[in-house]
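Student: I have a sequence and a structure to read. Could we go through a few features together?

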Amino acid sequence: MSTRISKDASPVANVAAEQARRAAEEAARRAAEEAARRMLEELTRLAAQAASLDAKKPDSFKTAQPQTRGPDLATDGTSAPGTSLASENAKDGRVNCLDAIADFLSLAPAVIRARSEVLFLKDSRPGTEGTTGHVVIRQGNNIYDPTTREWTASETWLKQHPEYSIAGSVPGSTVNTILSAPPGPEREAALARANLPPEIANMVVADTGASLPVPAWLEQGGPPPWMHGAWHHLDATAQASVLNGIRENWSQHVEDMAPAWIRDPSLSPPPLTEDWSELSPEEQRATAEEHWATLVEEEMSLYFGPLPETGVAAETPLIGTSRGWPWGEGSVGEWAANHSAGQDPIAQYLNIGAILNGEGKDYTHGNLCGELSALSVMGMELVDGLTRFANLGSDYRGILSNGEMLTNSTHLETFLASEGWRIVGQQAGSENDPTMKDLDGSFSATNTYNNNHAQNPTPEAVQRILDDGGALMVLVNIDGADNGMLESVRTSDQDITHWVSVVDITENAQGQTYVRVYNPYQNREEVYSWADFKAAWQSPSESGFTYVAAMPPDATSTP
């Protein structure tokens with residue numbers, strides 16, 4: 001990623017450093033409070049669970065473990081590589097059944113650990129015999145399965161899983177002691193003291209596949225850089241709870257950010273390279289997954305922070321994972337083909353004359369940001385999308401025929417509506433649909449000005465639009481002297497009023513909010529802190545933050 005240089009770097013850096021220090025202190029305080037709350041909650045729930053076990057109720061009931069939306073645990077014993085008591089690292093960011101058992105035992109009071117035994121199960125299904133297995137907790141006549149996070153009567157669970165047979169059992173306290181020792185000499189010593197049979201000590205249980213990248217401090221068990229002042233106030237269990245929470249939130253963020261084809265491998269990814277059609281389906285999938293892995297690696301530095309002091313251009317754009325190549329990739333593909341030689345090196349300066357009137361009809365348009373932002377949210381190709389815009393009528397063709405003509409919110413709403421998109425805050429018949437409220441939480445089919453000018457938008461309001469599947473285009477100021485990066489008019493050298501679209505918004509591990517935007521100026525994706533983004537958003541407007549928000553067409557609707 002390339003960073004911008006502020007015109008007056010020293011004052012900006014000082015202010016940013018002070019803000020970062022305060023944010024880090026606040027994040028540490030919140031993390032400590034959250035760790036204490038989590039531990040109290042766990043102890044309370046585990047105590048209630050112990051009471052249930054004393055009563056030997058045979059019915060299934062939920063575990064006291066917190067329900068998270070992190071990676072699903074392997075249930076079929078086929079994912080590789082696996083881990084064993086000898087090799088498992090419960091702090092490596094990977095999650096399998098042995099990790100979950102380690103978390104359960106480390107969070108449980110001593111009385112619960114003492115009455116728990118860990119069952120090591122062989123898997124008899126073809127292709128897995130002798131290679132991988134599974135582990136569960138048994139207390140009395142009940143089994144806790146970490147893949148479902150449920151307790152079930154032992155007899156019932158074993159009947160439901162005839163593929164498993166018990167290879168052996170180890171007291172919960174012993175397993176906790178073993179897994180609390182770091183892999184290596186200390187783990188080997190703990191295993192020697194436990195004197196377990198080799199087939200149990202080295203039994204492999206399946207992991208969930210490739211792990212997410214994590215910072216070195218998280219892989220090694222902390223402390224988080226922003227919590228140095230508070231870390232020593234936490235006991236080992238609370239520290240583990242904080243780190244588990246950070247891992248779970250990071251995993252959840254990546255899951256939320258993932259495109260549909262990552263969530264569902266049966267779906268095909270969009271084209272992600274210029275030579276996509278020349279690749280086999282297997283090569284396309286491999287290329288797409290490599291692209292995604294690179295993006296996640298880059299996202300890690302943003303998520304764990306601290307955020308850059310100014311905006312940065314994303315090297316691997318998130319928009320491309322859903323819209324396909326060449327969105328966010330600069331002046332390539334259609335963008336290069338419709339960018340005449342001799343034009344300024346600005347991607348959005350396209351040859352509209354040739355696009356609309358054919359080869360040899362050269363005419364460069366320098367104000368296509370609104371049209372291109374709309375195309376980015378609809379996933380249209382350049383020539384097709386701009387042709388559709390021109391076909392809306394003489395006024396719209398006139399906009400494209402005059403390089404000085406700009407698009408306003410009404411033009412963009414008309415374009416989106418012509419393609420079946422529903423305009424947030426004003427779509428007729430949507431008064432009672434909560435997903436159709438504008439950024440201020442209002443709805444008015446008659447006073448549409450308010451639907452395009454938010455009073456004081458919050459990250460939560462922006463996130464609501466995106467989470468509901470909608471698109472958000474905002475009118476910002478960019479600095480023409482800084483390659484079109486978003487900038488407040490207070491600090492910009494060359495002010496340009498400009499449309500961009502919001503791709504994603506995230507609160508990182510330090511409590512800082514950052515925004516991914518698609519900027520058509522250079523056909524790229526950029527990342528800004530919420531404060532910088534909001535300052536640039538407010539700059540062009542005299543009466544609120546100008547925007548257009550829309551929901552995609554209903555599956556049954558026809559434009």
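Tutor: Start with Asn351, which is found in strand S11 (residues 350-351). Helices (H or I, at least four residues) and strands (E, at least two) are DSSP runs, numbered from the N terminus. This is a predicted model: local features need pLDDT of at least 70, side-chain atom pairs count only at pLDDT 80 or more, and totals for chains, interfaces and linings use all residues. Residues are numbered from 1 along each chain as its sequence is written, and side-chain values use heavy atoms, with hydrogens and water left out.

Student: Is Asn351 buried or exposed?

Tutor: Buried means under 20% relative accessible area, exposed over 50%, and partly exposed in between (1.4 Å probe, protein chains only). Asn351 has a relative accessible area of 4%, so Asn351 is buried. Of the 559 residues of the protein chain, 50% count as buried.

Student: Which backbone atoms does the side chain of Asn351 reach?

Tutor: A polar contact is a pair of N or O atoms within 3.5 Å; within protein, one must be able to donate a hydrogen and the other to accept it, and residues adjacent in sequence count only if both atoms are side-chain atoms. The side chain of Asn351 reaches the backbone nitrogen of Tyr363 at 2.9 Å and the backbone nitrogen of Ala354 at 3.1 Å.

Student: Where does Asn523 lie, and what does the side chain of Asn523 reach?

Tutor: Asn523 lies in the loop between strand S18 (513-519) and strand S19 (524-529). Its side chain reaches the backbone oxygen of Gly330 at 2.7 Å. Asn523 counts as buried because its relative accessibility is 0%. Contact means heavy atoms within 4.5 Å. Leaving aside neighbours within four places in sequence, Asn523 is in contact with residues including Trp327, Gly330, Trp335 and Tyr518.

Student: How do I read a pair of helices?

Tutor: Two packed helices are described by the angle between their axes and the distance between the axes. Axes are lines fitted to C-alpha atoms, for helices over the stretch in contact, and angles run from 0 to 180 degrees between N-to-C directions. The axes of helix H16 (residues 369-378) and helix H17 (residues 382-390) come within 10 Å and cross at roughly 120 degrees. That makes H16 oblique to H17. Angles under 35 degrees count as roughly parallel, over 145 as roughly antiparallel, 65 to 115 as roughly perpendicular and the rest as oblique.

Student: Which residues of H16 and H17 meet?

Tutor: From H16, Glu371, Leu372 and Leu375 meet Leu382, Gly385, Leu386 and Phe389 of H17.
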